[in-house]
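Colleague: I've got this one open on my screen and I'd like to go through the helix packing. Can you walk me through the wording?

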Amino acid sequence: MDHHTFVARVARLTGTAENRAATLTAATLETLADRLTGGEVLDLAAQLPKPLWAMLRPHPRTEAAERFGAAEFVARVARRADCDENAARGAARAVFATLREAISGGEFDDVVVQLPRDYRDMVEPALAPAAARRR
């Protein structure tokens, strides 16, 4: 999946314009990079188009993941995207759903396994069968 297709999918899922979806995508991926180990960020970045890779800011020396729950994840996305928390939560769901389509199933599983259970609300829609996700 190329950068434009990724952002267009997030735009469709969030009901926003593509320029706003690009901001929401960047905020979500930057926050996700904070939450994942450095090695996992590198693995994820390797499967994404270069403009998205840059949003993750992968660095092989940053191995430790920050530990924070879903509420803090949403708050960080909201601050970075300058939106309310409901919009940030919707953006996170849209980005996770789009990631699920853009990367291999194994890589998506590797990302999800690093997230605690309270992220379920944001991640589970992406785990639904493909036919259900496209409705």
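Colleague: Why are H2 and H5 called oblique to each other?

Modeller: Bear in mind that this is a predicted model. Helix H2 (residues 18-35) and helix H5 (residues 70-81) pack at an angle of about 135°, with their axes 9 Å apart. Roughly perpendicular covers 65 to 115 degrees and roughly antiparallel starts over 145, so H2 and H5 are oblique. Their crossing is right-handed.

Colleague: Which residues in H2 and H5 meet?

Modeller: From H2, they include Arg20, Leu24, Ala27 and Glu30, and from H5, Phe73, Arg76 and Val77 are among them. By class, that contact has 6 nonpolar, 3 polar and 5 charged residues.

Colleague: What makes H5 roughly perpendicular to H6?

Modeller: H5 and helix H6 (residues 85-102) pack at an angle of about 100°, and their axes are 8 Å apart. The range for roughly perpendicular is 65 to 115 degrees, so H5 and H6 get that label. Phe73, Val74, Ala75, Val77 and Ala78 of H5 make the contact with Glu85, Ala88, Arg89, Ala92 and Phe96 of H6. Those residues divide into 8 nonpolar, no polar and 2 charged.

Colleague: Now for a loop residue. Why is glutamate 63 called partly exposed?

Modeller: Its relative accessible area is 43%. Buried would need under 20% and exposed over 50%, so glutamate 63 counts as partly exposed. Glutamate 63 is in the loop between helix H4 (50-56) and H5. Leaving out residues up to four places away in sequence, glutamate 63 touches Thr37, Gly38 and Gly39.

Note on methods:
Residues are numbered from 1 along each chain as its sequence is written. This is a predicted model: local features need pLDDT of at least 70, side-chain atom pairs count only at pLDDT 80 or more; totals for chains, interfaces and linings use all residues. Side-chain values use heavy atoms; hydrogens and water are left out. Axes are lines fitted to C-alpha atoms, for helices over the stretch in contact, and angles run from 0 to 180 degrees between N-to-C directions. Helices (H or I, at least four residues) and strands (E, at least two) are DSSP runs, numbered from the N terminus. Angles under 35 degrees count as roughly parallel, over 145 as roughly antiparallel, 65 to 115 as roughly perpendicular and the rest as oblique. A crossing is left-handed if the near helix is turned anticlockwise from the far one by less than a right angle, and right-handed if clockwise. Contact means heavy atoms within 4.5 Å. Ala, Val, Leu, Ile, Met, Phe, Trp, Tyr, Cys and Pro count as nonpolar, Asp, Glu, Lys and Arg as charged, and the others, Gly among them, as polar. Buried means under 20% relative accessible area, exposed over 50%, partly exposed in between (1.4 Å probe, protein chains only).
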